[in-house]
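Please look over the model shown here before reading on.

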Amino acid sequence: MKKTSQSTTSEEGEITFEVPEVLDRLKKHLNIRTNTELSDILEVKPNTISTWKKRNTLDYPRILSVCKTYSIDIDKIFFNKESDLGSPRNMNNTNSENAFSVVTGDMYFQYVYEAGKQEFIDSLPKFSFPFISGKKVRAFQVISSSMFPILKEGDYVVGEYIGKDIAKLINQNIYILISNLKGIYISRIQKDNSDPEVIHLVRDNQPNNNFFELEMTRSEIIEIWEVTSVFSLDLIGNTRKKG
C-alpha cells in the first residue's frame, strides 16, 4: 500500500505529466511563487518539494486535498487542460476510460450479494485519478477503526483485484476481503500455520498486532483486492448525499 506514487503507470503506457510542471501549475493556481509558500500550504518541509522534483514523485493525496480545498481542477494541475465536467469542485469523472467503481460503506451489504451481477457493478459510482489506471481496480470506503492509524474511518482504499485464492496472500499485507458469510473487511492478514484453508485478520490498533477475533476460510471468500493506495478524500462528493 502506498500514499506516494511515481508519475508513470497504466497498462497501456505512461502518464505524461512531470512533477516540476505539476508543482508550477499548482503554484500558479494558488497565486504563489515560491516553494516555501507552497510547502506551507501543503504542510511539508521546503526540502520535500525539492525531493519531489528530483525524484519525479508526489504525495498525491496531499496535492488532491489542496486542490479540493481551493477548488482547483485536477485536470488543470496534472495535464494543463480543462476538466470534461466543467466544475472544479466536481472531481467525479464517469466518462473517463480509466474511471473505477467506488463502494461506499452503505453499499457493503448489497455489494456482497450482487457483486457478480454486471448490472449492479455498472450502477456503482465512478471516479478517476490521472495516476491510477487498470481494468481491475476498485475503491472501498473504510468503515471501522481496526486499521487506525494506517487507515482511518471514512478513508477510501483503492484495491487491485487478485481473485479469491488465499494462497496468493502475503502475511501482513493489507487486503479487501469479500466474504459471502461475514461481509467486507479491510485488514492485514496472517495465514494460519496449522490450516492452509484459514486466514486471520489482524488489527493495527492493538499491541503486537494481536489476532483479530475474526478468521476467514477459503470457501467463504468470493473476492480479494490488494490495497495499493489510500485517500482521505470524499471521492464521490455530493453524489451519494441524501436530501
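The points below run from the whole chain to single residues.

This is a predicted model: local features need pLDDT of at least 70, side-chain atom pairs count only at pLDDT 80 or more, and totals for chains, interfaces and linings use all residues. Residues are numbered from 1 along each chain as its sequence is written, and side-chain values use heavy atoms, with hydrogens and water left out.

**Overall picture**

- The protein has seven helices and eleven strands. Both are DSSP runs numbered from the N terminus: helices are H or I with at least four residues, strands are E with at least two.
- Of the 243 residues, 47% are buried. Buried means under 20% relative accessible area, exposed means over 50%, and partly exposed lies in between (1.4 Å probe, protein chains only).
- Among contacts with a separation of 6 or more, 62% link residues 24 or more positions apart. A contact means heavy atoms within 4.5 Å.

**Nonpolar cores**

- The largest nonpolar core holds 31 residues; L26, W52, L58, I63 and F78 touch the most other members. Such a core is a set of buried Ala, Val, Leu, Ile, Met, Phe, Trp, Tyr and Cys residues joined through side-chain atoms within 4.5 Å.
- At least two residues of this core come from each of helix 1 (19-30), helix 2 (35-42), helix 3 (46-55), helix 4 (60-69), helix 5 (74-79), strand 3, strand 5 and strand 6 (156-163).
- This core lies between domain 1 (19-78) and domain 2 (99-232), because both give residues to it. The domain bounds come from an automatic or database domain assignment.
- Apart from this core lies another, of 22 residues, including Y108, Y111, M147 and W225.
- L26 touches L38, I63, V66, C67, I72 and I77, leaving out residues up to four places away in sequence.

**Strand pairing and V103**

- Strand 3 (residues 100-103) pairs with strand 4 (residues 126-127) in the antiparallel sense, over two bridges. Pairing requires that DSSP finds at least two bridges between the strands.
- S101 stands opposite K126 of strand 4.
- Strand 3 also pairs with strand 5 (residues 137-141), here in the parallel sense over three bridges.
- V103 of strand 3 stands opposite F140 in strand 5. These two residues are 37 apart along the chain, yet their C-alpha atoms are separated by 4.7 Å.
- V103 counts as buried because its relative accessibility is 0%.
- Beyond its neighbours within four places in sequence, V103 contacts Y108, Y111, L124, R138, A139, F140 and Q141.

**Buried polar residues**

- S179 belongs to strand 7 (residues 174-179). With a relative accessible area of 0%, S179 is buried.
- The side chain of S179 makes a 2.7 Å polar contact with the side chain of E220. A polar contact is a pair of N or O atoms within 3.5 Å; within protein, one must be able to donate a hydrogen and the other to accept it, and residues adjacent in sequence count only if both atoms are side-chain atoms.
- The S179 side chain also reaches the backbone nitrogen of L181, at 3.0 Å.
- Setting aside neighbours within four places in sequence, S179 contacts V112, M216, E220 and I221.
- H200 sits in strand 9 (residues 198-202). H200 has 10% relative accessibility, so it counts as buried.
- The side chains of H200 and D192 are joined by a polar contact of 2.9 Å.
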